[in-house]
Every structure is written in structure tokens, then in C-alpha cells.
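Here is a short note to read beside the model, written as numbered points. Please keep the structure open while going through them.

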Amino acid sequence: TAGSLRFVLILSTIVGLAVVLRLAGITKHSIWYDEAYTEMITATSYRSLMDGSSKDNGNPPLFWICMKGWIEVFGRSELSLRMLPALLGIATIPTIAIFALRQFGTATALLAALLCAISPIEIELSNEARVYALVQFLALLSTWLFMEWMRSYRHWILVAYVFVTVLLCYSHYYALAVPLAHSVVVIFSMP
């Protein structure tokens with residue numbers, strides 16, 4: 001429909017703005033301590049990442065494994081180190097729009113996408129070679145799938161929710177708060 005096409009065009013423009021804002025200054029600042037640690041930890045083996053002998057303050061290994069694979073393909077430059085989080089930050093924009101569209105409608109979805117696209121903290125976290133863009137993306141995707149499952153109780157949505165939530169929990173220990181919050185919703189929505 002015309003309304004759907006308009007939504008897609010506006011959202012595409014917002015995503016384009018997010019791309020420009022995230023990539024324009026991606027190498028403006030030099031690598032700082034935590035990013036250097038990211039580079040150092042990804043120089044270890046996959047096995048040491050999986051068994052925990054190489055770790056970042058004890059956090060789970062998913063980001064480090066993804067980043068190691070990314071670096072093996074794209075190299076260890078500042079741009080390469082920061083590009084994976086930048087892409088995850090960009091992917092968050094349409095994800096938040098789809099989530100908000102389903103929950104609140106078109107205007108709120110586009111506003112949420114725009115605010116996420118231009119938010120200085122969102123841009124900063126997308127420009128750091130750290131786990132935060134991944135956690136944010138997976139937390140949002142997990143919550144969206146949870147809300148969809150609560151509406152429909154479709155088996156495949158539950159399977160997708162569990163898969164994404166497990167990935168989320170393998171990204172950062174604080175991410176355990178997300179399925180805990182979802183559990184509270186389930187408990188309080190029981191008849």
C-alpha cells in the first residue's frame with residue numbers, strides 16, 4: 001500500500017542518516033584501552049575464547065568469537081575493528097522501527113528509529129570495538145520476538161526467541177536481565 005511504501009522510504013532515509021552518522025567519524029579517535037583489549041583478546045585462539053582462558057572481565061565469549069572471525073576476514077585496522085559494532089548499531093535502527101510499529105504504530109516507529117539514528121550515545125557505542133552494540137541489538141530483537149510470541153504463541157517464534165536470547169546471554173552477563181524481565185511479564189500476565 002501507499003502507507004507501507006511511505007514508511008519504508010522514510011525508514012530507509014533514517015537508516016541512511018544512521019549510516020552517515022556512524023561511519024563519518026568512525027576513525028576520528030584513536031583506539032583506546034578497552035578497544036585495544038578487544039584487539040588483544042581476539043588474537044587468541046577460538047578454543048581459549050570458548051573455554052574462558054581468554055576473557056574480558058569474565059564476560060561470555062560470543063562477541064569475542066564474532067570479532068575474531070570478523071578480524072580474520074577484514075583485518076585489524078581501526079576501521080575494521082569498529083565496523084562490526086557499527087553495522088550492529090545500524091541494524092538496530094530498522095529493528096527498533098519494526099518493534100515500535102507493531103507496538104505503537106507508524107509515527108512512533110519512525111520517531112523511535114530517528115531518535116536511535118541521531119542519538120549521540122548510540123553513535124558512540126556503534127563506533128567502539130566493544131560488545132555494547134551487539135548486546136543492544138540482541139536485547140531489542142529478543143524483546144520483539146518475546147512480544148510477538150506473547151501475541152501469537154507460535155512455536156517458531158518461541159524457538160527464534162530462545163535462540164536469540166541464548167545468543168544475548170552469551171554476549172554479556174548483564175543481558176540476563178532481559179529474559180528475567182520477560183519472565184516477570186509472563187508471570188504477571190497469567191490469569
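1. F74 is exposed, with a relative accessible area of 51%, whereas W70 is buried at 16%; buried means under 20% relative accessible area, exposed over 50% and partly exposed in between, with a 1.4 Å probe and protein chains only. This is a predicted model, in which local features need pLDDT of at least 70 and side-chain atom pairs pLDDT 80 or more, while totals for chains, interfaces and linings use all residues. Residues are numbered from 1 along each chain as its sequence is written, and side-chain values use heavy atoms, without hydrogens and water.

2. W70 and F74 are four residues apart in helix α4 (residues 62-74), and therefore about one helical turn separates them; helices are DSSP runs of H or I with at least four residues, numbered from the N terminus.

3. A search of the whole structure finds four aromatic pairs, where rings of Phe, Tyr and Trp (its six-membered ring) pair if their centres lie within 6.5 Å, and planes under 30 degrees apart count as stacked, over 60 as edge-to-face and the rest as tilted. The rings of W70 and F74 are tilted, because their planes meet at 40°, with centres 4.3 Å apart.

4. F146 and Y161 form a tilted aromatic pair as well, 5.7 Å from centre to centre and with 45° between the planes. Since F146 belongs to helix α8 (residues 132-152) and Y161 to helix α9 (residues 155-169), the pair ties together parts 15 residues apart in sequence. F146 is buried, at 2% relative accessible area, and Y161 also counts as buried, at 11%.

Note on methods. Helix = DSSP H or I, 4+ residues; strand = E, 2+ residues; numbered from the N terminus.
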